[in-house]
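Open the structure in your viewer and keep the selection panel at hand. Each stop below says what to select and what is there.

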Amino acid sequence: MLIAAAFATLPALSLFALLFGRRAWSHAVVYLGCLGASLCLLAGGLVHLGGHPGAAPTLVLPFGLPWVEAHFRLDNLSALFMVIVDLSAAAASAFGIAYGSHVPEPRRVTPFFPLFLFGMNGVLVADDAFMFLVAWEFMSLASWALVLADHTRAENRKAAMVYLTMAGFGTFCLLPCFGLMAGPGGDYTFAAMRVHELAPTAGFLVVLLVLLGAGSKAGLVPLHAWLPLAHPAAPSHVSALMSGVMTKVALYGLIRVLFDLHGEVGWQWGAAMMVVGGVTAVLGVLYAVLQDDLKVLLAYSTVENIGVAVIGLGLALAFKDSGEPALAALALVAGLYHALNHSIFKSLLFLGTGAILTATGEKSLNALGGLLNRMPWTGAAFLVGAAAISALPPLNGFVSEWLIFQSLFQGPSLPHWAMKFGVPVVGALLALAAALAAACFVRAYGVAFLGRPRSEAARGAVEVPAVMRLTLVVLAALCVLLGAMPVVVTDSLSGVIAPLIGVHFPVSADLGWPWLSPVGATRGSYSGTVLVMVGALMFGAAILAVHGLGVRTLRRAAAWDCGHVEDNPASQYTGDSFAQPLRRVFAATPFRARETVEMPEPGDLGPARHTVHLIDPVWQGLYVSLGRLVDAIADQVNRLQFLTVRRYLLMMFATLVLLLLVVAVRQP
Amino acid sequence: MNAAVLQLVQIVLVVALAPLVTGWVRLVKSRLNGRRGASPFQPYRDIYRLLQKEAIVAHSASWVFRAAPYVTFAAVWLAASVIPTFSTDLALAPAADLIALVALLAIARFWTALAGMDVGTAFGGIGASREMLIASLAEPAMLMVSFSLSLIAGTTAPVKIVGFVLSGGVGLDVSMGLALAAMVMVSIAENGRIPIDNPATHLELTMVHEAMVLEYSGRHLAMMEGAAMVRLTLFMALIGCLFAPWGMAQAGGGVDGILVGMGAFLARTFVLATALAVFETAIAKMRVFRYADFLGGALLLGLLATIFLYVSEAV
């Protein structure tokens, strides 16, 4: 009931924004309404997960296509993703109350923001293919409009174009995917798809199409190209939702089809997803570490995290098909845990970037610096987010990566040689991604928040309004909480995956409450709770001992810097200089990174120039060549426009004969 | 003896012993260089002296700079207390396995690198940037070692690996050998020893770890130095317990077992410390962009260790 009311509120808010958009106060009202609606949906999801874990209430409404009614269903998986979506949605709405008035044209944002939330939640509760796709398109088109909110900038228009193309491609793949699952009977409800047995070819195509369709929305390499263009173009609170949450809705689509509707996916697909996930993770973070624009950096890091979650999903598929349900449960829990974590810390980081934009108007790393002293709250919250995304204990990002490593380490128990050899390689890729993510966020945080300000805007930054600060602090607290109490989370996730895998996941089976020992006590365990407590004690002991044994005086002085202090803040390390060793070692081959240095002649007082050339292999190799191919084909086809009537008639005749032949041959 | 008591003993032991290990390495290196060298107890005096000095903090530094020494030290200390040194009967042992151990050390690195960038000088940035490069090569290698050990022993918990090795689970194994080689290379990198980094360098452009802590003084520097010393002891204990845990006390071993375990731990540590000093004296530091060859080699050794396991299973 509450959920239905919240659903109805969202389109109403959108209408309200259209009608009253001229009034300045209307934007705050819309965001407040969205905050209320997403809190209701969040509560609904949590109550469902906690209260009726087994139940799956359904609802049939008499609209939609004439012969298909609109089916809705809320099961555990939907409820979990509802929690993921609406947690970040609530944060973004609350942030929007203050931030919404900072965007250039708020009237281009507020009508679409509620619709975007409506679409994402709609995908989660849809129980037939028609409603699923309608809601999916609501989500895509509303976010497309939000990407175009600042339409005066040419790069945003390009981003929106690429995004629209990719979104179209995604739905174009999902459409036949659901068609194949419905089969010749044409029953588009998910209930019918669950019982429908797929032929091997159709089953193969379904998996391929859903990987392309949902994978392009999630940002799997090589379908990630739109993500770093579109996510940064939207206003920051929308970027938070697109990056933190919309990619999770895509993961939901993947899980719904692969684990629930399809049912019988072979382990080969699991292996393939695992490898794609590993490559996505490493390439995503490698792109991210080279970026100067903070929002582009965060968007690429989303690509990485989606890759990490997909490794978990792929492993789960492989274990499930090989008759290892307990390990499949572990891998799936790990993947879902990572999805939940990523939605929280990525929202936190994007909203933090929004706060930086509010305070300075800059999102380029090389124009920032020294913000921690000027924005202590934002700085502290961003630090928690950066540590969480770098998978540092005791925060949440580490727990999910630990679980994924634990399930990867069980991979060699599978009978297939492809998995035996693939698993160590993917493990190395995952470890590389985690280490590079730490480098990426040390760089981002160190350049933006530490050091000395690199521009006047950064020097004059002031802390953002209380609503924004509060949102950031709440998200940061969640990062700590979900990391320090991992067993609580894995217990509720265990209820979510039980219907998909068929077994309950024994989280703390052998050691009891605060210890996470997924594969049994002897195979390795972790306890965030204990580490936090002991770590805090040791931290306190270190401080007490040092202050007890020594002197407590502290003097502020000029930086030492080996004696050659340089007042010019340009003498600091910049983001580009920080990335240089990583670029030389890792990016030389995949991105063909080249550096040129132009030194002025001796005696010439002009500046020396250092230029970096990077080639995006995916964009150049795939998209640009694809574009050329389409152009070339179009040129050829274009000739058909200038034929004589006689030739057109001949072509029609030939087509007719061909079709008749096909019919004759296929006649039994 | 009670696991909690042994845990407390270990927590104190790693911190108390760490300066001596560093002092011993320095002494052996001086002797090999033909110098007399300072007493192995000199690091204790150094740290005490630093504690008596006032701490100087740059105007531009934030609270991260002041918190980092304590966070770094606490993270390394915590990591060092969960590795079995003289006994496997530790109360905290199940709180962190090898993967969590890598991550605990990553906390220390994350904060040290941030502290290096906090003052806003070029040297701090150089150090932080190179440290993160080393980490991004060393961490995967370390996890590959954990992977092959977890395949051999069936667990990622160091305590359980010790039990497995002591029960005669592995003989002279090619995979163990490769994992050991990879582990040693990673340890050299993680501790900033020659050939990756020179802990005694006075040339700023070649510094990595020293460049990050260049701005520290007084008690903050004492904490940073202390963390580096504990980290060195930690890696010696880790190599010892994973590859040569002989003599380590097991649960229910009584006081005798613990005394033997303590003696074995001290012997292992000083043998490894001497070996480190000899190795460092015999080799020259390498260029920054050759780190990738060195640590990439460690990663490949780790991978090979896993592959060899399959091969030996199949044969």
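In which hand of crossing, left-handed or right-handed, does α15(A) pass α17(A)? The crossing is left-handed; that term applies if the near helix is turned anticlockwise from the far one by less than a right angle, and right-handed applies if clockwise.

Before going on, note that this is a predicted model, where local features need pLDDT of at least 70, side-chain atom pairs count only at pLDDT 80 or more, and totals for chains, interfaces and linings use all residues. Residues are numbered from 1 along each chain as its sequence is written, while chains are lettered from A and ligands numbered from 1 in the order in which they are written.

**Stop 1: α15 and α17.** Select residues 376–389 of chain A, which form helix α15. Helices (H or I, at least four residues) and strands (E, at least two) are DSSP runs, numbered from the N terminus. The axes of α15(A) and α17(A) are 9 Å apart, at an angle of about 165 degrees. Axes are lines fitted to C-alpha atoms, for helices over the stretch in contact, and angles run from 0 to 180 degrees between N-to-C directions. The two helices are therefore roughly antiparallel (angles over 145 degrees; under 35 count as roughly parallel, 65 to 115 as roughly perpendicular and the rest as oblique). Now show the contact residues. α15(A) brings G379(A), F382(A), L383(A), A386(A) and I389(A). α17(A) answers with A437(A), F441(A), A444(A), Y445(A) and F449(A). By class, this contact has 9 nonpolar, 1 polar and no charged residues. Ala, Val, Leu, Ile, Met, Phe, Trp, Tyr, Cys and Pro count as nonpolar, Asp, Glu, Lys and Arg as charged, and the others, Gly among them, as polar.

**Stop 2: α11.** Select residues 267–289 of chain A. The axes of α11(A) and α17(A) come within 9 Å and cross at roughly 20 degrees. That makes α11(A) roughly parallel to α17(A). Their crossing is left-handed.

**Stop 3: the A–B interface.** Show both chains. Here 70 residues of chain A are in contact with 72 residues of chain B (C-beta atoms, placed from the backbone, within 7 Å). α17(A) gives the largest share of chain A's side, 14 residues. That side has 47 nonpolar, 16 polar and 7 charged residues.

Stop 4: Select residues 55–58 of chain B, strand β1. It runs parallel to β3(A), joined by 4 bridges; strands pair if DSSP finds at least two bridges between them. Finish on R555(A), which stands opposite I56(B).

Notes. Contact = placed C-beta atoms within 7 Å.
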